[in-house]
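Student: I'd like to go through this model label by label. For each one, tell me what the name rests on.

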Amino acid sequence: MPIKVPNNLPAIETLTAENVFVMTDTRAMTQDIRPLQILILNLMPTKIDTETQLTRLLGNTPLQVELELLQTSTHKASNTSEEHMIAFYKTFDQIKHKYYDGMIITGAPVELLEFEEVEYWDELCEIMEWSKRHVHSTFHICWGAQAGLYYHYGIQKRKLPKKLSGVYRHTLDYKRGMLFRGFDDEFYVPHSRNTTVDREDVEAVPELKIISSSEEAGIYAIKSENDRQIFIMGHSEYDPDTLQKEYERDKKAGINPDIPCNYFPDDDDSREPVVRWRSCANLLYSNWLNYFVYQTTQYDISQIRDDSLADIFRKKVDCKAAKFGGTSLADAEHFKKCAAIIAEDPARKYIVVSAPGKRSDTDEKVTDLLIACAGAKAGAAEEILSKIQSRYKVLVRGLGVKMDVDAEFAEIRKALGDETRRDYIISRGEYLNAKILAAFTGYDFIDAQGSIFLDSQGKYDEETTRNHLGKVMKNSGGAVIPGFYGTMPDGSIRTFSRGGSDITGAIVAAVAGADIYENWTDVSGLLMADPRIVDNPLTVSVITYKELRELSYMGAAVMHEDTIFPVVKLEIPINIRNTNRPEDNGTLIVKNADYYPSNLSVSGISGKTGYTTILVERDRMNEQPQLRAEILDIFAERGIAVKNILSGIDSLNIIVHESDVKDCEAELQEEIWAKVPSGNITVTRDVAMIAVVGRELGTSPAIAVRVLSALAKRGINVKLIDHGAQKISLMAGVDGADYVTAVQAIYTEFAKVE
């Protein structure tokens, strides 16, 4: 089978003369099979030579191969014409949405520079990260191999005493592998480099296997455990005269190079070089294409990605912070589940806990009981506290933990009736749960009082917390910390507001510098829609911080942005997990989800009813910014929160909560009339706003079309529509009576897993 290349590529003439079957774009259009999609990131200065060499080898296979050439946008080729680069090469931005069966990353003449000093290093890192999700198998050559080993596995390159140049004898370290199937016991490969990697460094990485090496040239071939990454140190693709050209170039430059080893007959550089590597080169590339690409890649190329999304969540990390919610710690059986989860992964070093939640629908949360206790009169307070005390005694007995519950509650009773210690009382649910879990797991107990600090206004004091909590955590191999409260400057306890334990979990993850922050609850991640409206909605596998914020703003029951700001600031991924189903991957919340596979077009659908829209119309209103500002000031002066603003050439549509304007609607209209006496005002009540959130909204116009089509099929009239400024959300306004049907219609459209 042929290799398919772009029309007019210079390599065509050379390869055709060599009887290599090359198929152009035009001819390939008549073929009815899916060719292998191969991407070449060409970092070599002599780009046409490298194109020809690699195309020759890729074309020597019974498989049809479709070639695409990639260049870095951060470095302009100086040895190849701009016309050639424009005609045949693409940039990363042009191809990053695509998937490839295989990719080749070539060498580059930058090996004496530190990786970070290379002009295009950041872009190369982005491409290598992208390749893990968009390329089935990546073949790295020479410096490209060293760069890949450094980026993916942290293996440093080592400078050689002098340049390694020549054709060297190699043997197989691993004879059963398919990459070198059919090779002789000894074979030859050209090398031309000034750096190498040490065997000890590679062998220290369990995920890597050395499969071929040379006594003189060192390691030649390395592969990853899953066969997705191939690292080749030599240049088996070289033409017969490539080393000769390099040698003559160095002589001309006055470098006084050694004669390439085993290259010229009798080391006489006036004689024609001996080619010893051509058959091995053909076999190497054929084996890679056949066994590492063709036989294992998906027929549907869009499914090329890691073996499963689970790899993202199972990635080996050194430190995790985990927060367990109230439902996860409601009783002894749930405590045992949490302890098993903690024990399963030694990286789970810092644990944050909530107070016990409900054990059944008729039960009460301990924190709710403590709030009632703190505000009750003496007799009622004692009755409530006794109820809580009994629950903790049952919990301690069920776990077999030695703890004097009565002594703990005797301290709480001392605070009853003291308004200054109200937060102390309310915080005891988390405090006791943390002490019990620490005792049950053998972890240290770190009290939030004296470790997590707030300023005089009750806001998080990051610097003081890092100084105190950081030191304590550093000396602990594993600790449990109560959530929901911190320490005021006077040493007293202050509880947090909404999502208090989530705030503590994020703080602990940030101070620990955790690789990931796990939030364990009773659901397997964030749901695509409200389960009260949609039956068994799908779980969203990956979502960004920005998408989460949009969904939260529109009322979705997701983590509020205020509760996770410490980890967002440090870009620590958040993983929402289910205590009752720890095998589920849950939802991963990240800053950038570009390189995480997802089978959903949108990340969530949320909304609210009870909005009012006030449409103000006047000719050329968009040319009068001062007038627009004065109209909005009317709402600000009355303390009315404007939820959204839609503007047109002659209009301004202001969206507010109906409850905020129902008692002053007439007065508002009068004040607006005073500003636009020649205009028109239309008030529409009972509007429902629905937000469709997804990071692909800005690049895929089909999503907006599908939203509107789904609503049209149900006969739902869209009163207004807005594409968010960040292009990750689409807002649609419908009649309040149509809200449930509209959400169900949109969900049904996008719940079709792709």
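Tutor: Let's start with pairing: two strands pair if DSSP finds at least two bridges between them. The elements themselves are DSSP runs, helices being H or I with at least four residues and strands E with at least two, numbered from the N terminus. Bear in mind that this is a predicted model, where local features need pLDDT of at least 70, side-chain atom pairs count only at pLDDT 80 or more, and totals for chains, interfaces and linings use all residues. Residues are numbered from 1 along each chain as its sequence is written, and side-chain values use heavy atoms, with hydrogens and water left out.

Student: What makes S14 and S16 a pair?

Tutor: Strand S14 (residues 348-353) and strand S16 (residues 479-482) have four bridges between them, in the parallel sense. The rule asks for at least two, so the pair qualifies. One of those links joins Val 352 to its bridge partner in S16, Ile 481.

Student: Which sheet holds that pair, and why do S15 and S20 count as its edges?

Tutor: It's an open sheet of eight strands with mixed pairing, in the order S15-S16-S14-S13-S19-S21-S22-S20. Strand S15 (444-445) and strand S20 (542-544) each have a single partner strand, so one side of each has no neighbour in the sheet.

Student: What lies across S14?

Tutor: Helix H12 (residues 332-344) does; it also lies across strand S13 (320-324) and strand S19 (516-521), and it runs at about 155° to S14. Angles here run from 0 to 180 degrees between N-to-C directions, with axes fitted to C-alpha atoms, for helices over the stretch in contact.

Student: Why is Asp 584 called buried?

Tutor: Buried means under 20% relative accessible area, exposed means over 50%, and partly exposed is in between (1.4 Å probe, protein chains only). Asp 584 comes out at 18%, so it counts as buried. This residue sits in the loop between strand S21 (574-578) and strand S22 (587-590). Apart from neighbours within four places in sequence, Asp 584 is in contact (heavy atoms within 4.5 Å) with Ser 524 and Arg 577.

Student: How do you know which class Thr 80 belongs to, buried or exposed?

Tutor: The value for Thr 80 is 9%, so it counts as buried. You'll find Thr 80 in the loop between strand S4 (65-70) and helix H4 (82-88). Beyond its neighbours within four places, the contacts of Thr 80 are Pro 45, Lys 47, Ile 48 and Met 85.

Student: What makes the buried residues of H24 sit on the same side?

Tutor: In helix H24 (residues 665-675), they are Glu 665, Leu 668 and Ile 672. They cover an arc of only 60° around the axis, which puts them on the same side of H24. That arc is taken from the directions from the helix axis to the C-beta atoms. As background, an α-helix has 3.6 residues a turn, so residues three or four places apart point the same way. On the other side of H24, Glu 670 and Ala 674 are exposed. The cover over the buried residues includes strand S23 (604-617), helix H22 (625-637), helix H23 (658-661) and strand S26 (680-693).

Student: What makes S10 and S11 a pair?

Tutor: Strand S10 (residues 208-214) and S11 pair in the antiparallel sense over six bridges, where at least two are needed. They form a hairpin with three residues between them, and Ser 214 stands opposite Gly 218 in S11. Strand S11 (residues 218-224) is mostly covered, with six of its seven residues buried. S11 also pairs with strand S12 (residues 229-232), antiparallel over three bridges, and Ala 221 stands opposite Ile 232 in S12. That hairpin of S11 and S12 has four residues between the strands, and Asp 227 takes a positive phi near 65° there.
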